[in-house]
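Hi,

Here is the structure I said I'd pass on.

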Amino acid sequence: MDILGIDEAGRGSVLGPLVISGIVIPEDMNNVLERMGVKDSKRLTPNRRHVLARKLKKMFDYKTIIITAGEIDDLRANGVNLNDIEKNAMSNIISEIKPELAIVDAVDVKSERYQENLSKQTGVNVIAEHKADDNYIQVGAASIIAKQTRDECILQLNKDYRKLGGIGSGYPSDPKTKKFLTNFTYDEMPDFVRKSWATVSKMKDK
């Protein structure tokens with residue numbers, strides 16, 4: 001059976017895109033991926049992610065959707081929450097690839113509800129679980145491609161803004177990211193900043 005694994009990177013970031021990646025892996029290739037060292041991207045070094053992402057892209061069919069900070073802000077302004085933004089992107093990948101089975105990392109606190117909604121939207125058998133990137137090698141592979149794609153974006157932004165000390169990881173908890181944001185007023189924020197995030201929107205009142 002061909003199984004589509006889907007995962008995201010950059011969900012909670014205040015800078016840069018949200019990346020959703022899906023990859024189709026036949027069940028009989030699971031052992032090959034295990035020998036390659038494929039696992040949840042958070043358990044891998046950046047160099048290892050880079051190597052594995054390149055190999056996975058050569059070996060299997062995959063699709064990546066990059067949702068920019070501006071697109072996220074626009075969607076949220078129109079009442080689309082982050083869970084639905086992710087669900088719609090995952091639905092698009094599933095509908096385009098039409099696998100026999102899709103396994104996704106559930107972003108809804110109620111994984112069963114998320115699973116049911118995706119199945120209804122796509123007409124495909126879907127498994128949605130929390131920590132699916134740890135429990136299913138197909139989702140782990142997708143997490144590697146998603147994280148590597150986002151890492152490349154963040155690396156480029158750090159190069160572009162090195163005169164300001166870089167942007168850091170892009171996450172609100174990162175002191176380097178917080179320091180970067182202080183270089184701008186709310187209206188001056190670069191287009192890769194998610195202005196709808198509380199970290200940034202509260203600056204609007206200052």
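A quick definition before we start: I call a residue buried when its relative accessible area is under 20%, exposed when that area is over 50%, and partly exposed in between, using a 1.4 Å probe and protein chains only. Keep in mind that this is a predicted model, where local features need pLDDT of at least 70 and side-chain atom pairs count only at pLDDT 80 or more, while totals for chains, interfaces and linings use all residues. Numbering starts from 1 along each chain as its sequence is written, and side-chain values use heavy atoms, with hydrogens and water left out.

Now the rings. Searching the whole structure turns up four aromatic pairs. Rings of Phe, Tyr and Trp (its six-membered ring) pair if their centres lie within 6.5 Å; planes under 30 degrees apart are stacked, over 60 edge-to-face, and the rest tilted. Y161 and F192 have ring centres 5.3 Å apart and planes at 65 degrees, so they pair edge-to-face. They come from distant parts of the chain, 31 residues apart: Y161 is in the loop between helix 7 (137–160) and helix 8 (175–181), and F192 is in the loop between helix 8 and helix 9 (198–201). (Helices are DSSP runs of H or I, at least four residues, numbered from the N terminus.) Y161 is partly exposed at 24%, whereas F192 is buried at 9%.

F192 also forms a stacked pair with F180, at 6.0 Å centre to centre and 25 degrees between the planes. F180 sits in helix 8, 12 residues from F192, and is buried because its relative accessible area is 1%. Ring pairs join Y161, F180, F184 and F192 into a cluster.

Two charges sit over rings too (NZ of Lys or CZ of Arg within 6 Å of the ring centre and within 35 degrees of the ring normal). The charged end of R194 is over W197, 4.9 Å from the ring centre, and that of K195 is over Y186, 4.5 Å from the ring centre.

Finally, a helix pair. Helix 4 (residues 82–97) and helix 5 (residues 111–122) pack at about 45 degrees, with axes 10 Å apart. Their contact (heavy atoms within 4.5 Å) includes M90 and I94 of helix 4 and Y114 and L118 of helix 5. The axes are lines fitted to C-alpha atoms over the stretch in contact, and angles run from 0 to 180 degrees between N-to-C directions.

Cheers

Methods. Helices (H or I, at least four residues) and strands (E, at least two) are DSSP runs, numbered from the N terminus.
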